[in-house]
Amino acid sequence: MDVVIVGGGAAGLAAGFTLKQAGADYLILEEKDQAGGRVIGATKDGYILDLGAQFFFKFYRSSFQLCDQLGIGDQVVPFPFRVGMWRDGKTYPLIASLDPRILWKNRRDLVRFRGLSPRAATQMGKILPLLLRRKRDWDFIDYERVLDIDGVSLAEFARSKSAQDILEELFQPMASCLTLGEPEDIGAGYGLALLWYCFFGLWTLKWGMGTLTQKLQQENKEKIRLSSPASRIVVENGKVRGVETGGDFIPATRVICATTATKALKLMPQLPDELRLPLEKTSYSACCHVMLGLYGPALPSDWWAVAAPRRFGLSVAGVTDNSVKSPYYTPTKAGLLHCFTYGKYARELNRLPHDEVVDLVKRDLWTLLPSLQREPRFTEIYRWEEAVCLAPPGHLSNMARL
């Protein structure tokens with residue numbers, strides 16, 4: 001075997017597709033009974049459920065290029081990114097855009113916006129010039145230009161700028177909704193890049209995010225071995241020998257470890273320090289992801305999400321109505337609410353049975369959305385122990401050294 005790929009998520013499947021195009025002999029090992037990893041989808045009663053990843057940012061160049069190569073580039077579509085900021089029992093629409101046409105179209109909402117306190121709005125006036133001045137630095141791919149602020153967390157960065165209010169009213173809801181962690185958990189460079197990316201909108205695949213991994217599975221269908229957890233990647237005298245899985249040994253001249261850092265460390269415990277230490281410092285958020293199929297929309301027209309600051313003590317960082325993503329996500333005029341628990345709440349809820357989770361999340365939902373219909377058409381839960389890489393302080397510097 002030329003190459004064994006450990007992990008059948010989006011990364012492993014994309015690696016297999018690339019090797020297929022190059023004519024290599026390869027095999028993908030996936031421990032679960034379904035490939036797709038954190039870009040997985042499902043359907044229920046005519047609803048499309050994005051169980052993991054919810055969107056592409058505009059600057060996900062590799063993802064869009066891969067969609068083109070797979071013949072699904074025409075299915076990549078933008079969707080409205082109108083977010084409600086919950087404050088003092090009311091929800092105010094935030095227009096996350098730098099496009100003058102969009103800002104002009106929504107000028108009334110901009111004038112009426114009270115989602116930030118006066119102090120937070122003043123502090124944002126100090127942060128925005130920094131974002132604009134360094135706009136070329138906010139790049140997930142060419143991230144070395146933000147290493148100067150990578151050593152502190154997003155929370156520490158905000159406090160250093162005397163922006164405590166903007167931390168709690170904007171940075172924290174944004175960070176928690178996008179990473180399912182806290183601003184103390186993520187590096188400043190990564191966190192500010194997330195904020196910057198939000199100004200340029202979001203994209204999805206019109207038949208659901210899972211379309212990407214479904215298409216990749218089709219391309220790799222003869223090369224995927226499901227329910228085959230690898231137990232060790234064998235390296236001897238500095239050279240890879242193959243992969244142990246169960247009682248089998250698969251010899252290979254190359255191995256691609258397309259897993260989380262946590263699993264990679266278990267598979268390769270003898271890595272040299274320069275490779276092992278950066279992986280040891282990588283951390284992930286958890287999420288108890290609750291989805292409700294509704295008979296009607298949950299949010300005002302063209303709204304996608306509502307975010308709630310942590311000071312209100314809710315278990316959900318935010319909720320989204322995925323019916324606005326494309327007309328194919330739900331039956332006509334229906335709603336599809338996704339509730340994202342985060343931080344300590346996610347870890348606690350992941351240990352609870354289905355009914356208890358639903359009751360607790362519904363309680364918080366009715367706080368955010370008092371008019372929400374009490375009985376959904378269905379409720380689904382998908383539990384993530386490792387949901388999103390948090391890129392903690394120093395993570396980008398560690399990756400650069402690696």
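Predicted model: local features only at pLDDT ≥ 70, side-chain atom pairs only at ≥ 80, totals over all residues.
Three strands make up the open sheet, in the order S11-S12-S13 and with antiparallel pairing. Strand S11 (232-236) and strand S13 (248-251) are the edge strands, each of which pairs on one side only, and the twist from one strand to the next averages 30°.

## Helices H7 and H8

The axes of helix H7 (residues 164-179) and helix H8 (residues 188-198) come within 10 Å and cross at roughly 90°; the two helices are therefore roughly perpendicular to each other. On the H7 side the contact involves Leu-170, Phe-171, Met-174, Leu-178 and Thr-179, which meet Tyr-190, Gly-191, Leu-192, Leu-194, Leu-195 and Cys-198 in H8. By class, this contact has nine nonpolar and two polar residues, and no charged residues.

## Aromatic pairs and a cluster

The structure holds 19 aromatic pairs. Phe-57 and Phe-140 form an edge-to-face pair, 6.4 Å centre to centre with 70° between the planes, and this pair links distant parts of the chain, since Phe-57 lies in strand S5 (residues 56-57) and Phe-140 in the loop between helix H5 (118-133) and helix H6 (154-160), 83 residues apart. Phe-57 counts as buried, at 2% relative accessibility.

The rings of Trp-196 and Phe-200 have centres 5.3 Å apart and planes at 65°, so this pair is edge-to-face. Trp-196 is buried, with a relative accessible area of 5%, whereas Phe-200 is partly exposed, at 25%. One aromatic cluster includes Phe-57, Phe-140, Tyr-190, Trp-196, Phe-200 and Trp-304 among its members.

Methods:
Residues numbered from 1 in each chain as written. Heavy atoms only, no water. Axes fitted to C-alpha atoms, helices over the stretch in contact; angles between N-to-C directions. Helix = DSSP H or I, 4+ residues; strand = E, 2+ residues; numbered from the N terminus. Parallel < 35°, antiparallel > 145°, perpendicular 65-115°, else oblique. Contact = heavy atoms within 4.5 Å. Nonpolar A, V, L, I, M, F, W, Y, C, P; charged D, E, K, R; others polar. Pairing = 2+ DSSP bridges. Phe/Tyr/Trp six-rings, centres within 6.5 Å; stacked < 30°, edge-to-face > 60°. Buried < 20%, exposed > 50% of the residue type's maximum accessible area, 1.4 Å probe, protein only.
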